[in-house]
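Dear colleague,

Please find below the structure that I am handing over to you.

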Amino acid sequence: AGGGASEYDLSRGKIARILSSDYLEFFDREPDFDIYDEAVALEIGQPLQGWGCMRGKQKYSSAIRALRRIVCGAVESGRMHCHVTDGHAFGDSLRVDWRCEGEMHVLNLHRDIRI
């Protein structure tokens, strides 16, 4: 048995780096959706937990594109924070916890947001 990383581990590492980059550049460009498997799931917490869980690459990419359109159009000084971790405890290969912060300007209302 060799001491090198498996192909699976190398792929997970590459995907984790792409995810980190995509989330950090959320306000600047669209993510690389090519890395996603059909089993991808999007679960949104407070304050939008009513969206439930969206599963599948098409639903995931559509939801992220819609979220980007809304957020990029309404949020100034937006910042995205993310933490990519091992997802095995949740039955996943990787898990991304993310948070969006900024100042929302809609109809002359100015509010700090955190999603």
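A cavity, as the word is used here, is a set of points on a 1 Å grid over the protein atoms alone where a 1.4 Å probe fits but cannot get out, and its lining residues have an atom within 4 Å of a point. Grid points are joined across faces, edges and corners, and a volume is the space filled by probe spheres set on the points.

Before the findings, two remarks on their basis. This is a predicted model, in which local features need pLDDT of at least 70 and side-chain atom pairs count only at pLDDT 80 or more, while totals for chains, interfaces and linings use all residues. Residues are numbered from 1 along each chain as its sequence is written, and side-chain values use heavy atoms, with hydrogens and water left out.

The cavity

The count comes to one cavity of 30 Å³ or more. The largest cavity has a volume of about 80 Å³. Its lining is made up of D22, Y23, F26, P31, F33, Y36, Y60, I64, L67, M80 and W98. Two or more residues of this lining come from each of the elements α1 and α2, and α2 gives the most, with three residues. Helices (H or I, at least four residues) and strands (E, at least two) are DSSP runs, numbered from the N terminus.

D22, one of the lining residues, is found in helix α1. D22 has a relative accessibility of 4% and therefore counts as buried; buried means under 20% relative accessible area, exposed over 50%, and partly exposed in between, with a 1.4 Å probe and protein chains only. Leaving aside neighbours within four places in sequence, D22 is in contact with R29, P31 and D32, where contact means heavy atoms within 4.5 Å.

The sheet and its helices

Strands β3, β4 and β5 form an open sheet in that order, with antiparallel pairing. Two strands are taken to pair if DSSP finds at least two bridges between them. Strands β3 (75-86) and β5 (109-114) stand at the edges with a single partner strand each, so one side of each is left without a neighbour in the sheet. On average, neighbouring strands of this sheet are turned by 10° against each other, direction ignored. Axes are lines fitted to C-alpha atoms, for helices over the stretch in contact, and angles run from 0 to 180 degrees between N-to-C directions.

Strand β4 (residues 94-106) is joined to β5 by six bridges, and the two run antiparallel. Within this pair, E101 stands opposite R114 in β5. Helix α1 (residues 7-24) packs on the sheet and touches β3 and β4, its direction making about 165° with that of β3. Helix α2 (residues 57-74) lies across β3 and β4 and runs at about 40° to β4.

L94 is found in strand β4. In space, L94 and V84 are 6.8 Å apart, C-alpha to C-alpha, although 10 residues separate them in sequence. With neighbours within four places in sequence left aside, the contacts of L94 are R12, I15, A16, L19, V84, T85 and G87.

Salt bridges

How many salt bridges does a search of the whole structure find? The search finds nine, a salt bridge being a side-chain nitrogen of Lys or Arg within 4 Å of a carboxyl oxygen of Asp or Glu.

D9 counts as partly exposed because its relative accessibility is 38%, whereas R12, at 16%, counts as buried.

Another salt bridge is formed by E101 and R79, with the closest N and O atoms 3.6 Å apart. This pair links distant parts of the chain, with E101 in strand β4 and R79 in strand β3, 22 residues apart. E101 counts as buried at 17% relative accessibility, and R79 as partly exposed at 40%.

E101 also forms a salt bridge with R114, where the closest N and O atoms are 3.9 Å apart. Here too, distant parts of the chain are linked: R114 lies in strand β5 and E101 in strand β4, 13 residues apart. R114, at 55% relative accessibility, counts as exposed. R79, R99, E101 and R114 are linked in a network of salt bridges.

With kind regards

Definitions and conventions
1 Å grid on protein atoms, 1.4 Å probe; cavity = no way out; pocket = protein on both sides within 12 Å on 5 of 7 lines; lining within 4 Å.
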